[in-house]
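Good morning, colleagues. I would ask you to keep the sequence and the model in view while I go through a few local features.

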Amino acid sequence: MKLIKYFNIPDLLLLAVGMLTLKVGFLDQQPGALQALNLGEYLLLVLATVFVAAGGFFMNNVFGFGKDANPEATESKGYNIYFALNIIGIGIVYYLANSLGKPMLLTGLYVFAAATMYFYATSLKEMLVANNVITAVLTALPVITVGLFQLFPILGIVPEDAKPMVSMLFTLFIDYSVFTFFVALALGIINDIATTDADYNAGVNTLPILIGRERSAKIAIGFTAIPVVLFVYYADKYLLQLIYALAYGVVFIVGLLAYSIIRLLQAKSAKDFTHIAGVVKLVLLFVAFFSVVLTYNINHVK
């Protein structure tokens with residue numbers, strides 16, 4: 001039971017809830033929208049994603065910096081758990097991908113994610129900025145994964161009159177993943193600022209250690225502002241007539257991001273930056289539920 005803390009259970013729950021929300025709360029509510037996987041198969045995809053992510057979190061927490069503080073997990077036990085989780089997860093993904101006729105492409109995506117998380121935990125974490133980009137990519141990956149598994153395999157076989165709908169939904173998933181990437185990138189830098197002292201003692205080469213907390217905070221402000229600009233663009237293009245979705249986004253996404261920017265301008269201590277990181281993590285949760293509000297607004301509010 002002591003090993004459970006190394007799996008980042010809250011993050012795994014957020015991942016699973018986010019993926020389920022994108023299907024049940026968004027795709028399933030689109031009139032006439034075709035999907036490649038049925039509910040049972042999709043639940044297997046979510047389970048596989050959780051297994052692969054859990055393996056990555058485990059490697060990061062046990063074999064990353066500060067591993068000497070983790071006496072519960074021996075090196076051999078750690079490798080056994082990591083590979084067991086990934087074999088199960090990737091095995092499920094291969095089964096699903098093969099049933100869709102895309103075994104190499106879709107399975108390769110998960111192999112790439114598993115390998116990246118392994119190397120991130122053991123070596124890439126030492127690379128300045130690269131660790132933040134990798135973390136952001138891995139955070140956004142489940143979003144585009146839903147589009148790749150549910151929509152991409154049927155693009156070439158759906159009737160001509162259904163192709164515009166499928167293409168539009170797939171484009172939305174790309175936009176969603178880009179938005180998630182920038183929020184996660186800002187979150188990664190803010191987390192680094194919050195843990196500057198611990199990272200310095202552990203020999204981790206992060207941006208705040210190189211250029212200082214104040215300058216890093218300014219960079220974090222820039223990356224936090226990008227999702228705000230993106231939301232304004234999407235709102236002007238798609239949401240002006242969708243009052244509920246617009247209000248939700250302004251309050252729970254733009255509002256919290258703006259609050260984070262203001263706090264970044266004022267933050268001094270590690271406690272301040274930890275608080276801001278928690279707020280930005282909340283934004284990721286609200287982004288996941290935005291698709292539900294959007295769908296409700298389109299289908300039920302005229």
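Let me begin with how elements are named: helices are DSSP runs of H or I with at least four residues, strands are DSSP runs of E with at least two, and both are numbered from the N terminus. The model is a predicted one, in which local features need pLDDT of at least 70 and side-chain atom pairs count only at pLDDT 80 or more, while totals for chains, interfaces and linings use all residues. Residues are numbered from 1 along each chain as its sequence is written, and side-chain values use heavy atoms, with hydrogens and water left out.

I start with the segment before helix 1, where N8 is placed. N8 is a residue other than glycine with a positive phi, near 50°. For F7, the C-alpha atom is separated by 7.9 Å from that of N61, a residue 54 positions away along the chain. N61 itself belongs to helix 2, residues 39–63. N61 is classed as partly exposed because its relative accessible area is 23%; by the rule used here, buried means under 20%, exposed means over 50%, and partly exposed lies in between, with a 1.4 Å probe and protein chains only.

I turn now to the second largest pocket. How much space lies in it? The value is about 510 Å³. On a 1 Å grid over the protein atoms alone, a pocket is an open set of points where a 1.4 Å probe fits, with protein on both sides within 12 Å along at least five of seven lines, and lining residues have an atom within 4 Å of a point. Grid points are joined across faces, edges and corners, and the volume is the space filled by probe spheres set on the points.

The second largest pocket is lined by 21 residues, of which L172, Y176, Y238, F290 and L294 are the closest to its centre. Two or more lining residues come from each of helix 1 (9–26), helix 6 (163–194), helix 9 (213–239) and helix 11 (270–300). Which helix gives the most to this lining? That is helix 6, with eight residues. By type, the lining divides into 17 nonpolar residues, three polar and one charged. Here Ala, Val, Leu, Ile, Met, Phe, Trp, Tyr, Cys and Pro count as nonpolar, Asp, Glu, Lys and Arg as charged, and the others, Gly among them, as polar.

T224 is found in helix 9, and T224 counts as buried because its relative accessibility is 1%. Between the C-alpha atoms of T224 and I262, which are 38 residues apart along the chain, the separation is 11 Å. A235 also has its place in helix 9; at 7% relative accessibility, A235 counts as buried. The C-alpha atoms of A235 and G249, 14 residues apart along the chain, are separated by 8.8 Å.

Next, the salt bridges, each defined as a side-chain nitrogen of Lys or Arg within 4 Å of a carboxyl oxygen of Asp or Glu. The count comes to four. One of them joins D28 and K23, at 3.0 Å from N to O. R213 counts as partly exposed, given its relative accessibility of 24%. The side chains of D272 and R263 also meet in a salt bridge, at 3.7 Å from N to O.

Finally, I come to I88, which is found in helix 3, residues 75–99. I88 is partly exposed, its relative accessible area being 42%. I88 and V232 are 144 residues apart in sequence, and their C-alpha atoms are 41 Å apart in space. Thank you for your attention.
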